[in-house]
Amino acid sequence: MSVLNRFGTLIALIVIIAVFAAASPGGFAQIGNLVNITQQMSLLAIVAIGATLVMVLGEFDLSVSAMVSWGGIVAVTLFQAGVGTVPVFAIVLLSCLVIGSGSGVLVARFRVPSFIATLAMGTILGGLTFWLSDGATLFGGMPDGFRDLARGTALGLPVLTWWMIAAGLLIWLVLDRVEYGRRLYAIGGNREAALLAGVPVRRDSVLAFALCAAFAGLVGLLLTARLGSAHPTGGGGFLLQAYAAVFLGMTAFKNGEPNVPGTLVGAAIIAVIANGLTILGVPAFLQDVLTGAIIIAAVLLRRAAGRKSRE
Amino acid sequence: MPADTKLLAVEALSKRFGGVIALDGVDLAIRPGEVHGLVGENGAGKSTLIKCLSGVHRPDGGTMRLDGAPFGPEGPRDAERLGLRVIHQELNLVPGFSAIENIFVGRRYPKRLGLVDRSATARRVRAVAADLSPDLPLDRPIARLTTGQCQLVEILRALISAARLVIMDEPSASLSRGEADRLHDVVRRLRDAGTAVLFVSHRLDEIFALCDRVTVLRNGRTVATDATSAMTRDDLVHLMSGGMAMPGRHRATRPPGPPVLRVDRLPFGRRRAPLSLTVHEGEVVALYGLIGAGRSRLLRTLWGVGEPTADRVTIDGGPLSKSGPAGRIRQGIAFAPEDRRTQGLVMRHSIAANATLPRLDSFRGRSWLPMPSADRVNTFIADLKQRLDVRMGRASDAISTLSGGNQQKLMVGRWTPFPIRLLLLDEPTRGVDVGAKAELHGMMRDLADGGAGVLMASSDLEEVLDIADRILVMADGGIVAELAGAEADGDQVLAALFAAERQEPESRTA
């Protein structure tokens with residue numbers, strides 16, 4: 001039971017892959033398709049890695065979808081005004097850091113529930129994005145160098161996969177090995193105890209929200225580079241899936257706390273299900289139903305295992 | 001009614017929590033229709049006794065009888081069914097509900113056509129409230145009432161249906177003079193109607209004015225039960241303290257050095273009255289007082305998470321850091337809070353994570369890289385384990401797997417490998433066994449002997465007398481007396497405390 005308890009989510013991923021491989025040995029189980037899945041999951045995974053930081057605090061950032069859309073629209077708007085790739089990156093990421101800090105200050109300083117603060121922040125951001133784009137899909141004006149940041153391969157893997165690996169390594173290192181990460185876990189574990197032990201709770205919390213927003217902004221940039229266009233609601237699908245990935249990941253590896261390897265496994269489960277069901281020709285609406293059901297099943301399984309290990 | 005009939009008879013009741021003996025032979029006999037006082041020093045076992053009576057705890061030994069029949073409530077609801085009502089010291093009210101709604105939480109509302117009959121509900125509450133507190137706003141959310149008013153709501157809640165025995169745990173602690181007087185009237189009226197009341201209070205005046213008889217607990221035992229008319233105030237104080245005078249085996253071995261901490265006329269507490277105190281090098285100073293006297297708040301203020309210190313506090317003659325606990329840590333101050341579960345430790349995290357948290361930046365492999373080195377952390381834990389004699393498995397085990405005493409030793413001891421100028425401790429040995437208590441006392445004395453100052457808040461009179469070089473008695477946010485630890489005995493400390501309580505009833509207005 002303890003193995004299932006500890007690696008339950010990873011085992012679930014392996015079982016799901018095995019089932020699809022058996023069902024579709026010629027389509028799903030090809031190396032090319034598996035590599036393709038790593039690319040398909042990459043943007044979701046990066047949003048989820050950012051959300052993991054905030055979840056470690058025991059908080060939510062519900063503005064990540066709006067942040068992705070914002071990043072894309074701001075980027076194209078700037079490109080169309082003749083701004084270069086590097087300044088566009090800097091401006092987009094900086095704006096996300098500032099907005100994320102705003103949410104963080106509301107939560108950490110003014111004790112607004114993060115659910116409400118970030119929902120409001122996301123709504124504001126959605127309005128601004130719509131205003132900036134006039135509600136239209138924006139395209140054109142992007143240099144090739146920008147587009148290449150999200151297409152093609154490098155060292156045998158898709159470029160987007162490399163972005164995911166880099167983001168995952170960085171935040172895994174921060175959460176697992178750096179003092180800042182240890183403090184975030186302490187805050188999430190017992191805010192009062194962390195405060196009384198000298199942890200700068202407000203500053204650390206604000207930074208987590210800022211970083212989460214920056215990762216969402218990065219995804220906005222990469223999504224735009226990938227598609228060659230930006231839509232004012234282009235990030236819409238990321239919110240629920242990102243948190244589903246984090247929740248699935250909390251059941252893996254680490255005493256029920258959010259963690260980067262777990263989040264990656266969670267994102268992989270979501271991507272594998274979508275990919276496998278598509279290859280098997282399952283209609284899109286049924287894919288959603290199955291994805292939701294699998295997430296509930298995974299979490300219930302974990303709770304049952306957790307109860308058993310406590311007894 | 002013959003005088004020897006007993007409504008409630010408790011004999012030789014015992015209860016232990018792990019290695020801690022909370023009750024060790026308590027006898028209590030309550031007659032029908034009497035007001036029976038229960039007094040004792042903090043930690044004497046009053047709360048545990050009440051929890052056994054109300055079914056929260058199961059006693060380990062002894063007997064309880066109600067009307068001669070064995071009495072062993074399965075839980076608070078069962079106790080209530082048997083006619084017991086407990087008015088707890090802590091308030092258990094829903095902040096957004098009105099008094100009326102709170103009173104009916106967990107009860108059956110009067111119904112009309114299957115729906116809650118609000119007007120009948122209100123009528124029932126008002127009928128009871130008219131006697132107790134006619135001007136209590138019954139429709140306003142609890143969140144907007146004063147503490148005293150909330151206390152009255154708790155009392156109303158207990159009295160809304162008929163009871164045989166009402167237990168009141170310090171019901172007047174947060175009441176104003178007028179509210180307390182009215183409470184006393186209600187208690188007398190209950191008695192006249194044949195309901196017995198067990199009245200727990202630290203206000204000795206109240207015990208003498210209200211109670212027919214009084215039982216004194218000390219160290220989990222009943223030391224006396226007698227009619228209040230046959231006792232004096234001094235008798236009672238003496239019974240509570242047991243004439244405790246300690247050998248002082250933990251007393252300072254050297255004269256105190258220069259001041260480490262100096263608090264100079266800091267506006268503090270509800271009355272913003274100036275508070276001054278000094279802690280010298282090599283000294284253990286105890287803050288003793290009743291619950292709510294402001295001890296914890298004072299320590300938290302010194303630690304940078306309470307009230308502003310407004311340049312009224314100096315450490316080693318210099319100004320106190322302005323940047324909260326982190327700044328205090330840099331100045332060599334350390335703090336162990338009152339409740340290790342909710343304030344001190346992250347229970348589901350590892351021993352290593354908890355032990356290293358306050359000085360997390362001290363374990364770097366390279367000083368410029370903010371990453372704790374696993375080797376240095378392991379060495380630190382191994383050293384702590386040996387130094388503090390902690391019974392533990394691996395450093396990666398959750399700290400919740402340790403006993404309370406070992407958790408406490410780690411929470412305090414995790415500071416000790418670093419240079420400490422001033423150690424602030426809030427109830428350092430609450431709920432730990434005798435062995436751990438002695439080790440914690442040894443740790444405090446070692447630090448003091450090494451040149452640190454120790455300021456400890458404690459509700460445990462024995463501990464205070466045992467280890468403190470000086471005892472500061474706190475009441476209502478102020479220091480009301482200072483006694484030399486080597487000369488003080490329990491009678492003096494309690495007398496100073498109760499004298500202050502008597503002098504300042506007006507200041508308690510909520």
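Visitor: Which residues of helix 12 of chain A does helix 11 of chain A meet?
Guide: In this predicted model, the helix 11 side of the contact consists of Q241(A), A244(A), A245(A), V246(A), L248(A), G249(A) and M250(A). By class, the contact between the two helices has nine nonpolar, five polar and no charged residues.

Visitor: How is helix 11 of chain A oriented to helix 12 of chain A?
Guide: Helix 11 (residues 238-250) and helix 12 (residues 260-279) of chain A have axes 7 Å apart and pack at an angle of about 125°. Angles over 145 degrees would count as roughly antiparallel and 65 to 115 as roughly perpendicular. The angle therefore makes helix 11 of chain A, relative to helix 12 of chain A, oblique.

Visitor: Which strands are the edge strands of the six-stranded open sheet in chain B?
Guide: The strand order is 6-9-10-3-11-12, with mixed pairing. An edge strand here pairs on one side only. The edges are strand 6 (84-87) and strand 12 (221-227) of chain B.

Visitor: In strand 10 of chain B, what is the bridge partner of D169(B)?
Guide: Strand 9 (residues 165-169) and strand 10 (residues 196-200) of chain B run parallel and are joined by five bridges. Within strand 10 of chain B, D169(B) has as its bridge partner V200(B).

Visitor: How far apart do the C-alpha centres of domain 1 and domain 3 of chain B lie?
Guide: The domain assignment of chain B places domain 1 at 8-241 and domain 3 at 349-414. The distance between their C-alpha centres is 43 Å.

Note on methods:
Residues are numbered from 1 along each chain as its sequence is written. Chains are lettered from A and ligands numbered from 1 in the order in which they are written. This is a predicted model: local features need pLDDT of at least 70, side-chain atom pairs count only at pLDDT 80 or more; totals for chains, interfaces and linings use all residues. Domain bounds come from an automatic or database domain assignment. Two strands pair if DSSP finds at least two bridges between them. Helices (H or I, at least four residues) and strands (E, at least two) are DSSP runs, numbered from the N terminus. Axes are lines fitted to C-alpha atoms, for helices over the stretch in contact, and angles run from 0 to 180 degrees between N-to-C directions. Angles under 35 degrees count as roughly parallel, over 145 as roughly antiparallel, 65 to 115 as roughly perpendicular and the rest as oblique. Two residues are in contact if their C-beta atoms, placed from the backbone, lie within 7 Å. Ala, Val, Leu, Ile, Met, Phe, Trp, Tyr, Cys and Pro count as nonpolar, Asp, Glu, Lys and Arg as charged, and the others, Gly among them, as polar.
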